[in-house]
Structure formats: C-alpha cells, structure tokens
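Take a walk through this structure, one pair of side chains at a time.

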Amino acid sequence: MNSKINNNIFEGVTWVWFDLDDTVIDFHANSRAALAALFDRQELISSMFVSEDEWAQRYMSHNLSLWERYTRGEITQEFLRIDRFATPLAPHWKGSRDDLTAYARSLDSLYLDILADGSAMIDGARELIEAVRRSGRHTGILSNGFHDVQHRKLRRNNLTHLIDRVVLSDDIGVNKPDIRIYTHAMAEAGETLPHRHLMIGDNPATDIAGALGAGWKAILLNSSGTLYAPDHALTVGSLRHLLSYFDNPL
C-alpha cells in the first residue's frame, strides 16, 4: 500500500469524483444496522433464522453476488431488489411464490428506508470533500446506487451542499465500469478532458478500472489492506492520507 503519493496525480485535476457507498458513506455499517432492524421488527424473519447474524450473513452473501451480476448487466434492478430477500427466505417459506415475492418487495422498501437514514460515514470523508472544495476543485459523486436512496443518504449526512454533481447509474441505465458513465459524468461537469478528472473509490473493478479505462486518474481506498489496485492507480489505507494534498489551491 502506498504511504506516499506522487503529487503528479493531482496535476491538472479540476474534478474529484467519489464513489458513495463505502467510500463516503459507511454502507456496510448502515446496511448491517438496517438488517438488524428488520430482524427485530419482522417476526417472520426472526422465526426463520437462528440469530440476527445468520439472517444478515445469508442476505449479505446473496446480495453481493446479485450486485456483481447487476454491475455486469446480467439482471435488472427489479430482480436484484426482490431476489436479495426472496432467495434467503425461500427455504423457510410456507406460502406461495407470489406471497413470497410480495413480502420480499415490502422488505426491500422498508430496508431502503432504514438504510437511507443511516448516519455512519467513512472516516475522513467529510473532511476530504471539504478540503477538495477549499482547493478550488469541483466535487462529484459517481455511484451505481439507486437514485432515491443515494440522494437521501447525501441529505441525511448533510453533504448535498458540498457536492457539485451527482451522477448515478440508475439515472442513465449504465453501470460502472462502463466507460459511458464516465463520459456522461464529464459532459455533466462541462469538462471533457479526461486527465482533469480523478476518481476515488473502494472497488478496484468498478471505480478504479472503470475510471482508468476512461482516461481518468484514480485512487483506491483500501482500508482493509486486502485489495489490489489496477496498474496506474494509487492506493491509500485512509482518506485522511489525502487531506494534505489539497492544502494548496489550484
């Protein structure tokens, strides 16, 4: 993991884009809290699983595989949102498939409501966004998340006024790492030179490889120390490692 960062990566950068989940917002912590709330509030769920941990693990492992398929364009958003609840519940379900689908849809709505109100953030995220703005650069969010939920997260955490552009795959029907979402982001920013854009994200395959493929610069947030960045990307273990690089204005 890089302990020092080559200043050249910031040269000429006028737009700094952040992935939202697990780069700015602590999605893992907020999701875990939302799943715990479902377990506590839904007797059907608590009757099907031995513990809250078992329920959460079943959901999270299946949800992760669905998101990987969704990113590759293999399934629809509707399928993901229903199946991530329906499949973990199916072995214990006594009713019809239609009833299971209806229940899964209701759980999805409740889960997203709770998730959007989560207040856990990644350490250093707010400070870094504020530092980027003080340096005279623009800030953007580039996320594969769902429109309503992502905007609610920004409002809930008082970030909306700190972000100049929000580009979501949900709005344009293209997921990271597809180059088209990066091209769309450049058009939205009014800056079409790729080297003017820097992406900071926690996913090597979507955030980092996608940005590099579009000609952007990229920094991988590798807080776990277990990720490997593609060539030409830099890696940091904490967003706080980047703060000093935005001390000087453009």
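Buried means under 20% relative accessible area, exposed means over 50%, and partly exposed is in between, with a 1.4 Å probe and protein chains only. By that scale, Arg-240 is partly exposed, at a relative accessible area of 36%. This is a predicted model: local features need pLDDT of at least 70, side-chain atom pairs count only at pLDDT 80 or more, and totals for chains, interfaces and linings use all residues. Residues are numbered from 1 along each chain as its sequence is written, and side-chain values use heavy atoms, with hydrogens and water left out.

Start with charge. Side chains of opposite charge can pair when their charged atoms come close. A salt bridge here is a side-chain nitrogen of Lys or Arg within 4 Å of a carboxyl oxygen of Asp or Glu. The whole structure holds 17 salt bridges.

One of them joins Arg-240 to Asp-123, with the closest N and O atoms 3.0 Å apart. Asp-123 lies in the loop between α5 (97–116) and α6 (125–134), and Arg-240 in the segment after β6 (234–236), so the pair ties together parts 117 residues apart in sequence. Helices (H or I, at least four residues) and strands (E, at least two) are DSSP runs, numbered from the N terminus. Asp-123 is partly exposed, at 46% relative accessibility.

Another salt bridge links Glu-52 and Arg-32, and its closest N and O atoms are 3.0 Å apart. Glu-52 sits in helix α3 (residues 52–71) and Arg-32 in helix α1 (residues 27–41), so this pair ties together parts that are 20 residues apart in sequence. Are the two partners buried or partly exposed? Arg-32 is buried, with a relative accessible area of 19%. Glu-52 is partly exposed, at 26%.

Now look at Asp-164. Its place is the loop between α7 and β3. Asp-164 forms a salt bridge with Arg-133, with the closest N and O atoms 3.2 Å apart. Arg-133 lies in helix α6, so the pair ties together parts that are 31 residues apart in sequence. Both partners are partly exposed: Arg-133 at 32%, Asp-164 at 28%. Not counting residues up to four places away in sequence, Asp-164 touches Trp-15, Arg-133, His-138 and Thr-139 (heavy atoms within 4.5 Å). Asp-164 and Trp-17 are 147 residues apart in sequence, yet 9.8 Å apart in space, C-alpha to C-alpha.

Salt bridges can also link up. Asp-19, Lys-176 and Asp-207 are joined in a network of them.

Turn to the pockets. On a 1 Å grid over the protein atoms alone, a pocket is an open set of points where a 1.4 Å probe fits, with protein on both sides within 12 Å along at least five of seven lines; lining residues have an atom within 4 Å of a point. Points are joined across faces, edges and corners, and a volume is the space filled by probe spheres set on them.

The largest pocket has about 930 Å³ of space. Its lining has 32 residues, and Asp-22, Phe-27, Leu-64, Trp-67 and Asn-203 lie nearest its centre. Helix α3 gives the most to this lining, with eight residues.

The second largest pocket has a volume of about 200 Å³. Among the residues lining it are Asp-22, Ile-122 and Asp-202.
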